[in-house]
Each structure stands twice: as structure tokens, then as C-alpha cells.
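Hi,

Here is the structure we talked about handing over. Have a look through it, and then read my notes below.

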Amino acid sequence: MEDEILDADVVDAPQPRAQSLVLAFFGNHVLDRGEGGLGVYSGSIIDVLGRVGTGEQAVRSTLTRMVNRGLLRRQREGRRMFFGLTAHAEDILRDGGQRIWRDGAVNEDWDGTWTLLGFSFPESWQRQRHDLRSRLTWSGFGALYSGLWIAPGRVDVREIVSELGLDTHVKVFHARADEFTDLGLMIRESWDLEALAARYVAFDKRWTAADLAAADPIATRLGLVAEWLRIIRTDPRLPVLHLPAQWPARQAQDTFRRIAEQTAGPAGRMAAEVLETTPLRSAPAERA
């Protein structure tokens, strides 16, 4: 289910795309507010995303695409249109919240196990191959070989494989590496550590230099969370024991958490003042 986010953005782009910002907005200010969920007036969403430089037309077209993709649902109240999260989008945001606020970017509690996933598809199955690789990347896997992927720890991939209809084409094992294996070398060969480290360094440099006192708190928090999520979503949380010395994820994470804490209160208070919301009616029953 996380592939909606993964395909919607480019990790090294100068700024998160509109869909990532919309999801970050709902995750920060709408998710878990009010039993049954809240719908947000489209004008409020346009206002908030305008604060981070996203134009009205881009927001409107993004909202329409997200409805079509099953991430948002519309609810009309008089002449105004409100948008709320679907159950599918809520699952995506809660998974992202787990990665951001609880798991973190530094893995110091690895138990020495690895999950290996092997697959072999017909040459014509390009879409299935792309979908599986996208989902595996989000779940922390790297390519050990072209058809053999590996991730630290015990990763449950049954839901991913079943949703893609690939149960009979995938084999999964949990194992420990033999002492003969150079884990540091394996990690360097299976994941692009230089690119990942560069993202953490750039994030830390940019946000350490940010002038928070003069910034709009909603815009600051929105940009902060969206950028952090698109970095850590491709971080497999490799065991820090086998990463290069002075791995920059820890410092970047400290910077993220410091600014997130500083902006939480002001952004929440401002959002309560500027957002027009309405309780969502029960969603229509899903078709079989």
C-alpha cells in the first residue's frame, strides 16, 4: 500500500511533490481527529499548501488524482467540497508515522537475522517486477542479486506478496549470515549508502540553517515532515554496527525531532484557526 507514496515522489527532488505534501498535511492535522474522521474544505487545503509554494491548480488536480487513486474521498456540503482520508490512506499514514516517530532512522537493536526473498518472473512481467521492487524498497530490502533481495531482521512480506498476486512466484527465508560473509561489504554492494548518507547530510544542513522564528509554523512543519519521510522511506534501517563510522542519520534525526517538537504546538494552534472542517459521513460500502 505504500507504493502510492513511493511512486508519487522523487527522493532527490528539490521539494516534495503536491501529493506528498497533501498526505503530510492530513497526517499532521487531520488523522485521528474526531471519531469517524474529518473532511477538510478544499479552500483550506489550498491555503495551507500555498504556504509552501504549491499553486491552487496543482492542489486541485492533486486532490482529484488522490480521489481517483482511493487515497481521499469527497463530501459536498452546500457549495463547498470537503476531502477526507480513506481507510487505505489512513493505513499509509500510520505506517509512515511508525517509521517517523517510533522506529527512527538508527537501528541499534538488530538481532542478527536477515530476511531473504527470491523471485523469478517471465520476461514480460515488467509491471509486476516494478511493483514488487517498489514495495520491497519501502520495506527495507536491497538487491543482493537481481532476483534475490535481502533486508535486516524478520520482515513479514506476506501482505505485500499476496496483494500483488505473486504468492506462487516468491520464496521467503529467514537466516543468519555465516562468519565467512563480510556483512559490511554485502551492505555496500546491496544498498547505495553514499546516496543515502548524502540525503541525511543535506537534510541536516538545510534545517539546521533554517530561520524558524520568521517562518510560518504550518509551512515549516509540513515541509519538514514531508522531506524527512521521503528520506527515511528508502532507508532500510541497516544495523549501525555494519555501517560506516559517523553515519549521519543520527544527527539528521536529532535535527528533525528538535524542529518537529518546536513546531508542533504553533502549527497545531494555527491549523485549528485556519482549517474549515466537517465530520465525514459514513463511507459507502465497498464493492465486492
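The chain has an average pLDDT of 89, and 92% of the residues score at least 70; pLDDT is the predictor's confidence in each residue, from 0 to 100. This is a predicted model, so local features need pLDDT of at least 70 and side-chain atom pairs count only at pLDDT 80 or more, while totals for chains, interfaces and linings use all residues. Residues are numbered from 1 along each chain as its sequence is written, and side-chain values use heavy atoms, with hydrogens and water left out.

The stretch to be careful with is residues 1-8, where pLDDT stays under 50. The model has 26 contacts beyond four places in sequence for those residues, a contact being heavy atoms within 4.5 Å. Where pLDDT is low, the predicted coordinates should not be read in detail.

Helices (H or I, at least four residues) and strands (E, at least two) are DSSP runs, numbered from the N terminus. Strand β4 covers residues 113-119, and seven of its seven residues are buried, so β4 is largely enclosed by the rest of the structure. Buried here means under 20% relative accessible area, with exposed over 50% and partly exposed in between (1.4 Å probe, protein chains only). Both faces are covered: T113, T115, L117 and F119 are buried on one side, and W114, L116 and G118 on the other.

Two strands count as paired if DSSP finds at least two bridges between them. β4 runs antiparallel to strand β7 (residues 170-176) over seven bridges, with T115 opposite H174. β4 also pairs with β6, again antiparallel, over five bridges, and there W114 stands opposite P152.

Strand β1 (residues 38-41) pairs with β8 (residues 277-279) in the antiparallel sense over three bridges, and V40 has T277 as its bridge partner. β1 is antiparallel to β3 (residues 80-85) as well, over two bridges; Y41 sits opposite F82 there.

I45 belongs to helix α3 (residues 42-50). Buried or exposed? I45 counts as buried, because its relative accessibility is 0%. Leaving out residues up to four places away in sequence, I45 touches F25, F26, V40, V59, L63 and F83. I45 and L63 are 18 residues apart in sequence and 9.4 Å apart in space, C-alpha to C-alpha.

**Pocket and cavity**

Both come from a 1 Å grid over the protein atoms alone: a cavity is a set of points where a 1.4 Å probe fits but cannot get out, a pocket is an open set with protein on both sides within 12 Å along at least five of seven lines, and lining residues have an atom within 4 Å of a point.

The largest pocket holds about 560 Å³ of space. Of the 23 residues lining that pocket, D95, R99, W138, S139 and V155 are the closest to its centre. Helix α5 gives the most to the lining, with five residues. The lining divides into seven nonpolar, five polar and eleven charged residues (Ala, Val, Leu, Ile, Met, Phe, Trp, Tyr, Cys and Pro count as nonpolar, Asp, Glu, Lys and Arg as charged, and the others, Gly among them, as polar).

A search of the whole structure turned up one cavity of 30 Å³ or more. The largest cavity has a volume of about 40 Å³, and among the residues lining the largest cavity are N107, D235, R237 and W247.

Cheers

Note on methods: Grid points are joined across faces, edges and corners, and a volume is the space filled by probe spheres set on the points.
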